[in-house]
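Biologist: I'm new to this one, so please zoom in on a single part for me: the salt bridges. After that, show me what surrounds them.

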Amino acid sequence: MSEDKADNPSGAPAHCPPPTADSQRDMVAWLREASPYVHAHRGQTFVVYLSGAAVEAAQFARHVYDLALLVSLGVRLVVVHGIRPQLSRRLAQSAIDSEVVNGIRITGSEVLPCVIDACGRVRARLEAHLSQAVTTSPMAGAALRVAGGTFVTARPLGVVGGRDFGHSGEVRRIDREGITRRLAEGDLVLLSPLAYSASGETWNLDASTLAAEVAVELGAAKLLLLSENGPVCDSAGEPVREITLRDAESAPSSMPEEAARMFERALRACRRGVPRVHLIDHQTDGALLLELYSQDGIGTLISNNPFDRIRRAGIDDVSAIIGVIAPFEAAGLLVRRPRDLIEREIERFFVATRDEQVVACAALHPFPESAVAELACIAVDPRYAGRGFGSELLKELERAAARAGAESVFVLTTGTADWFRQHGFVLAELSDLPVLRQQIYNQQRNSLVLSKRL
């Protein structure tokens, strides 16, 4: 052990270099991006599954500090920990053979003491870090209480497929009222994958399944699965950031066995009412914070509703629309629109959102007498340029124009003609526009006219 590590057993940085101007700007930008989520998550109930591998990983201490930070930010937090690698090591030390069938360990009478031992060791380690006894911890001084108890009762799995699973069990009942009471008092509830029956027998539960059951029973807003499996990847090995239940059938079928089981547990929780389930890689420092407090996250989100969507704007979107178009107005690419004008015409606007935050906007101005419509004020937040929001917004406006009876659409542009050509627009003449639009054409801007048949 190095001297630095010996002096700093928490794993927190012992010495921090002075912040640079770039790092300060990055911090300010991240705080501004995170602030809507701080507000949205406060008072919400989240269930976090921390796999046994995550407990042994290099980032373990930081993950635990981040759990404490979530509680300090007002999240009502239930943590369920796993023990698989710890149990496997304990069984090997005792020269005990134990089979795992379909992801569930057969828990014979000789295995159960090892399960109890592994649970106790992992739980003790978690509670020690959460106690904040180490003064060098990033959460030093935080008054965090950890609650545990007989919140879960279990029953035996019994004989499945001709195999007796011994002391392996499944959830019979979750004390929702008891857990909710502790959460309301500001406690972090820590659950181990051990539960007891009414007759006092002890049962070994699958921890990720327990986490999902708890999330369903509590009506949790989120279930976060922090494990070695990480996010779902596509056929090219790239992380898939969002999967809706509707699209789940098209998810990759070549996932490793344990990752596929984790994915199925996530889908099942979502089908049973958990609005959002996140699959996160435990190897990333700050994984929970990056997933919860940034728009894009770093894991795979499984949800009942699309993460990205396009909808008609409402009066509450005015400020967000102004924020999106402001840089383009400053650059002279869009005509300046005062707030009162946007408020009067808000029913003509459409917005694209990511996680309910506006990232693009556009307006549709119909000319029913001429069977045409104008597309205007198309803008995408520069942070989301090149991600398809503009194209999807354009398609939605074209569909809306067609529903309104338009046979063609047109745009006036000074700097984005190539983009519109790529989407099927062709050059047109000013005389092709409705007479009313010709009368208010700005000669000084000298915008190009492009049109498209629907």
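**Charged pairs, up close**

Modeller: Start with Arg 182, which counts as partly exposed at 28% relative accessibility. Here buried means under 20% relative accessible area, exposed means over 50%, and partly exposed is in between, using a 1.4 Å probe and protein chains only. Before we go on, this is a predicted model, where local features need pLDDT of at least 70, side-chain atom pairs count only at pLDDT 80 or more, and totals for chains, interfaces and linings use all residues. Residues are numbered from 1 along each chain as its sequence is written, and side-chain values use heavy atoms, with hydrogens and water left out.

Back to our pair. Arg 182 makes a salt bridge with Asp 187, with 2.9 Å between the closest N and O atoms. A salt bridge here is a side-chain nitrogen of Lys or Arg within 4 Å of a carboxyl oxygen of Asp or Glu. Asp 187, at 2% relative accessibility, is buried.

Now jump to Arg 265 and Asp 206, whose side chains meet in a salt bridge at 3.4 Å, N to O. Arg 265 sits in helix H9 (residues 257-271), while Asp 206 is in the loop between strand E12 (202-204) and helix H8 (207-218), so the pair ties together parts that are 59 residues apart in sequence. Helices (H or I, at least four residues) and strands (E, at least two) are DSSP runs, numbered from the N terminus. Both partners are tucked away: Arg 265 is buried at 14% relative accessibility, and Asp 206 is buried with a relative accessible area of 17%.

Another pair is Arg 383 with Asp 381, whose closest N and O atoms are 2.9 Å apart. Asp 381 counts as buried, at 13% relative accessibility. The structure as a whole holds 31 salt bridges.

So much for the charges; here's the setting. The protein chain has 15 helices and 23 strands, and 46% of its 454 residues count as buried. Its C-alpha atoms fill a box of roughly 90 × 55 × 40 Å, taken along the principal axes.

Look for an open sheet of 8 strands, in the order E5-E10-E2-E1-E13-E15-E16-E14, with mixed pairing. Strand E5 (146-147) and strand E14 (242-244) are at the edges, each with a single partner strand, so one side of each has no neighbour in the sheet. Two strands pair if DSSP finds at least two bridges between them. Further in, strand E1 (residues 45-50) and strand E2 (residues 76-81) run parallel, joined by 6 bridges. Thr 45, for instance, has Arg 76 as its bridge partner in E2.

Helix H2 (residues 21-41) gives the largest share of the patch, 4 residues. Trp 30 lies in H2 and is partly exposed, with a relative accessible area of 32%.
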